[in-house]
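Please look over the model shown below before reading the notes on its packing, which are arranged by topic.

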Amino acid sequence: TSAGQAASLLARALVEQGRGEEALAETTFAEEHAGGDLKTTITWLGVRGEALAQVDLEDALALTERAVELAGPTDALPDKADALMAHARVLQAAGLQDEARAAAEKARVLYVEKDHAVGVRRAEELAGGAQPEAVASPARSSGAIDDVDLAGFLERYIAAWQGDDLE
């Protein structure tokens, strides 16, 4: 459903800010409200894997491997690339640098094919050995986005969506 997809995307933003615990909560909501939507499932699996990478690498790897597996047969290039990037970040957190770079390179190729400039840059950074901020440190970033109440926004969005008041 839309609520599940919104929660999975919010979780992605939270994990990229290093807010793993909040991201985990959103992935639970996304899982419960995915309604069988493959895109939502691929996203929450990858995000949950990244969020867990700091505390449980075995589960984190299993989740991101599943995301890559589910995305594989689809024609959704950004979803495939995002799943590969989540897996690459977890591999990197596990100290498997060569495997992480290989996954990031596969993602880069898909991002290039889709002309996804931000994805290409991030994949190149990881493939080149740079460690993404969210995996490098569980601390929150100091960017202005931290001042945005993302959880509050999601709650308002879901309430509006459930009430069909999206104007």
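## Surroundings of Arg12

In this predicted model, Arg12 touches Gly46, Val47, Glu50, Ala86 and Arg89, when residues up to four places away in sequence are not counted. Arg12 itself belongs to helix H1, which covers residues 2–16. Its relative accessibility is 16%, and because buried means under 20%, Arg12 counts as buried.

## Nonpolar cores

The largest nonpolar core has 31 residues, of which Ile42, Leu45, Met85, Ala104, Ala107, Tyr111 and Leu126 touch the most other members. At least two residues of this core come from each of the helices H3 (38–52), H4 (57–71), H5 (77–93), H6 (97–114) and H7 (117–127), and the largest share, eight residues, is supplied by H5. Another core, of seven residues, lies apart from this one and includes Leu10, Ala11, Val15 and Val47.

As a general background, nonpolar side chains in soluble globular proteins tend to be buried together.

## Packing of H3 against H4

The axes of H3 and H4 come within 8 Å and cross at roughly 155°; since angles over 145 degrees count as roughly antiparallel, the two helices are therefore roughly antiparallel to each other. The crossing in which H3 passes H4 is left-handed.

On the H3 side, the contact is formed by Leu38, Thr41, Ile42, Leu45, Gly46, Arg48, Gly49, Glu50 and Leu52, which meet Leu57, Asp59, Ala60, Leu63, Thr64, Arg66, Ala67, Leu70 and Ala71 in H4. By residue class, the contact of H3 with H4 divides into 10 nonpolar, four polar and four charged residues.

Methods:
Residues numbered from 1 in each chain as written. Predicted model: local features only at pLDDT ≥ 70, side-chain atom pairs only at ≥ 80, totals over all residues. Heavy atoms only, no water. Core = buried A, V, L, I, M, F, W, Y, C linked by side-chain atoms within 4.5 Å. Buried < 20%, exposed > 50% of the residue type's maximum accessible area, 1.4 Å probe, protein only. Helix = DSSP H or I, 4+ residues; strand = E, 2+ residues; numbered from the N terminus. Axes fitted to C-alpha atoms, helices over the stretch in contact; angles between N-to-C directions. Parallel < 35°, antiparallel > 145°, perpendicular 65-115°, else oblique. Left-handed = near helix turned anticlockwise from the far one by under 90°. Contact = heavy atoms within 4.5 Å. Nonpolar A, V, L, I, M, F, W, Y, C, P; charged D, E, K, R; others polar.
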